[in-house]
Amino acid sequence: MSQQRKALWEAELDEDLQDVDLNLAIGSYGQSGLYDDAQSRIDEATLLAVQQQMAQQAAFSQIPDVVKRFIVHFHQAVLDNNLAEITVAYESGWNRLTEKFYSKTEWPEAEVIAPLVNDDQIFLILYRELYYRHVYSRLQPDIDDRFHSYENSCELFNYLLNSDGPVPLELPEQWLWDIIDEFIYQYQAFCVWRSKVKSKTDEELILLADASQVWSSYSVLNVLYSLIQKSKINEHLSALQEGKKAEEIAEIVGEFGVRPLYRMLGYFSLIGLLRVHSLLGDFTLALKVMESIELNQKSPFTRVTACHVTTYYYVGFCYIMLRRYPDAIRAFVSILNFILRMRQYHTRSYQYDQINKTADRMYALFAICNALSPTRLDDNISGIVKERYGEQFSKMSRGEEGIPAFEELFLYACPKFISANPPPYDDAELLAAYVEDPPVEPAQRHLALFLSEVRSQAPVPTLRSFLKLYASLDAKKLANFLDADEEEMVQQMMVMKQASRSVSRVENEKGLLDGQTISTSDLDFVIDDNMVHIAESTVGRRYAGWFIRNTEHAQRVFDTLRNAPLPALPKLNAAPVATSGTSDAPASAPRTGGQRVAWGGVKTA
Amino acid sequence: MASVASNWVSPPTRTPLIENLVSGVDRYNPSNVGILEDYLYHQTRSQEYDCLANLAILKLYQFNPDLYNPDVVINILIKALTSAPFPDFNLCISLLDDRAANTNPDEPDPLPSLLPTLTMLYNLLQQCRFPAFWALYRSDEVESLRDNYTVECAGFEDAVRDVVIRAVKAAFTRIGRERLGTYLDLTGSDLDIHVAKLGWSIDSSTGVVTVPPNPDNRIESTVVQENIQLPQLTKVITHASQTA
């Protein structure tokens, strides 16, 4: 069977290659522009074409049969809009073959596999999307890869946005998310790469001088906003919140928005904007574009875990930069608990690493927020934070001397900031000046701003530790304890008061920027002329969440056990089922070392 | 009543035209920068403040370095200064990408020399070091900022005093008149008038100003107990009834 098929592709291949090469030959002739020795040019071109053909044939013959079969099958699944098959090919087949054949090299180029898919341009664009993503994640992309992946993204979005009406394509939600996610990742990677002038070769310098539009911020934003507008996703989300019926929504969102492909791309583009604005340091706008999104875990748009995690990471981070630590803490607690709970159910391994890394950065950010605005919101998460960042946390809780710890965690956990504009590649003189006196790196700029906020409230922990001991005391006496001037101390008390207040979304206000002023500290005080009066609020330990979670978990374990078939014979394969049941149980405990084991266990079960 | 935050996100003084620029995609159109800049100058004259609109200007500058106008940036930063303790100032700085050194010697860029001063002033306000703020602000070092910029910004000093009042109101029930005077940089009858305008009262015999009670200067000890809401138990109960 497979033998026969292979022969068939090869037959098609010859014809198709002939076509391609003819075009190529004509192409080079047209471009040469030298008429006097046109004859020799043609010969050269033909020669080149023949060589190219041979090279492509050689490349084609290098492709293992199983990969060829995979591509044909994948193509068919895309043609049929068969989501189940596409998902299998996308999430499992591609990764399996990558591990087996392409862990250290590129996949075959799109031109080489074109004959396998009848030169289907749409499929080839999708294939290149995967091809470049693999180059970026596993290999070192060179300048051609960077430019071509940009061109390919443009072609893809052009096809989606500028065809007559919605395109009849369907792709799994995960893939759609990955398309947007990767698009922004490549933009960010390009900006970082382009900012390093010194390491560029002469050829790269020439290319960069002419290519100011490649991966420009405007072009990236343009794509995201176009997808948002085409899909009418904001209107869609508002309609959902108003409780409109499905038919009404269909009417509102129009021919594009009703299609899952556009709807999901629109939603993911909103998250993409959140991310791009954060990377560019516009934290206010980042949260503003999320106006119509309600942050909760019940929305139909949260099925893609990676998207969900990204959303909360950037929202939480923006809140930190807006000095809204309680909101940041709430975002992190909510998503970190989600990650802990879903850990045992997830079997799609290729995202685990990424999600795990983001989660770890969020634990670091949580530690930062908790040092700046101590809360007891969630003992579970606080426990893990103490385990991972206990040392930094205790330093950060000590004011000025904790600054290096803030710095360390911030740089580890912040987004990979970029500058909006390239170095002046088009002007040699300016470029030389740029190399001579390079600007401060974006991450360092944002770090400095964050630390200035941290520094301004540096005296708070010490004051707090003294105030905790008294119900009231004389300001002069307090100043003596602190070995400080009384006036200076009073000013620090005002800082402490300000640090204990924050704007926060307490009542689930509409829009992530809205909120009201709340008190964030359990220790409050007031100065009556020269007397300081102190009041402390105590929060009883919270048990409910823990018991509810564990009751639910016990119920699930119980169900699994009850539904598992009885082992027919003790020696048969019933054993793994039993072990996976028991290995689930410890997974809910906040034990970091156990994660991989728990997931691995589920995967093999 | 609209909350602090919602006033900040969309001040009631913002016109529909500006709202459209702040919230729509037209904010990226470089040809709209003039409208936003005019709106900024309107803010400096009228004591209004619209942080998001000003951030939109900085965004346009970020993407279109050719539009960059240092005077506008400085005015934005001066407006942002007085919204302390909110971090508007840093949010603005955050959008100022490092730009290539100024190449035009005829039009020197005043921003690089003023930025450290502005940052220092901001830090002093953030740290509630008000007397130090006034000392720096009145010093010779800051003369060019005062003479060229803050003088044009209507009510700048009163806006700084509003920052002071926000801090004092939250931390004090009573405060010495003299201490308040050093924070507000006011003495004698000016101080009395300002205090009276706030509706605060001065005890002339003791020289102590009484700050009216507000949510931040009324303190009480509380014990917060955990409340369990029924919806939290939905899954547990559903499961129990299903298996019963």
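Why does A:Thr98 count as buried? A:Thr98 counts as buried because its relative accessibility is 4%, where buried means under 20% relative accessible area, exposed over 50% and partly exposed in between, with a 1.4 Å probe and protein chains only.

## Basis

This is a predicted model, in which local features need pLDDT of at least 70 and side-chain atom pairs count only at pLDDT 80 or more, while totals for chains, interfaces and linings use all residues. Residues are numbered from 1 along each chain as its sequence is written, chains are lettered from A and ligands numbered from 1 in the order in which they are written, and side-chain values use heavy atoms, with hydrogens and water left out.

## Chain totals

Chain A has 27 helices and 6 strands, and chain B has 13 helices and 4 strands. Helices (H or I, at least four residues) and strands (E, at least two) are DSSP runs, numbered from the N terminus. Of the 605 residues in chain A, 52% are buried; for the 244 residues in chain B the share is 48%.

The accessible surface of chain A is about 28,100 Å², with 54% belonging to carbon and sulfur atoms. Chain B exposes about 11,600 Å², and carbon and sulfur atoms supply 53% of that area. Accessible areas come from the Shrake-Rupley method with a 1.4 Å probe; for residues, only the protein chains shown count as cover.

## Contacts

Contact means heavy atoms within 4.5 Å. Among contacts between residues at least 6 apart in sequence, 73% in chain A join residues at least 24 apart; the corresponding value in chain B is 64%.

A:Thr98 lies in helix H4 of chain A. Setting aside neighbours within four places in sequence, A:Thr98 is in contact with A:Ser103, A:Trp107, A:His134 and A:Arg138.

A:Glu106 is in the loop between helix H4 (83–101) and helix H5 (110–113) of chain A. A:Glu106 counts as partly exposed because its relative accessibility is 38%.

## Backbone

Most residues other than glycine have a negative phi, and most peptide bonds are trans. A:Arg323, not a glycine, has a positive phi of about 60°; A:Arg323 sits in the loop between helix H15 (305–321) and helix H16 (325–342) of chain A and counts as buried at 14% relative accessibility. A:Asp529 has a positive phi near 55°. A:Asp529 lies in the loop between strand S4 (523–528) and strand S5 (531–536) of chain A, and is buried at 19% relative accessibility.

In chain B, a cis peptide bond joins B:Ala84 and B:Pro85, with omega about 5°. B:Pro85 is placed in the loop between helix H5 (70–81) and helix H6 (88–94) of chain B.
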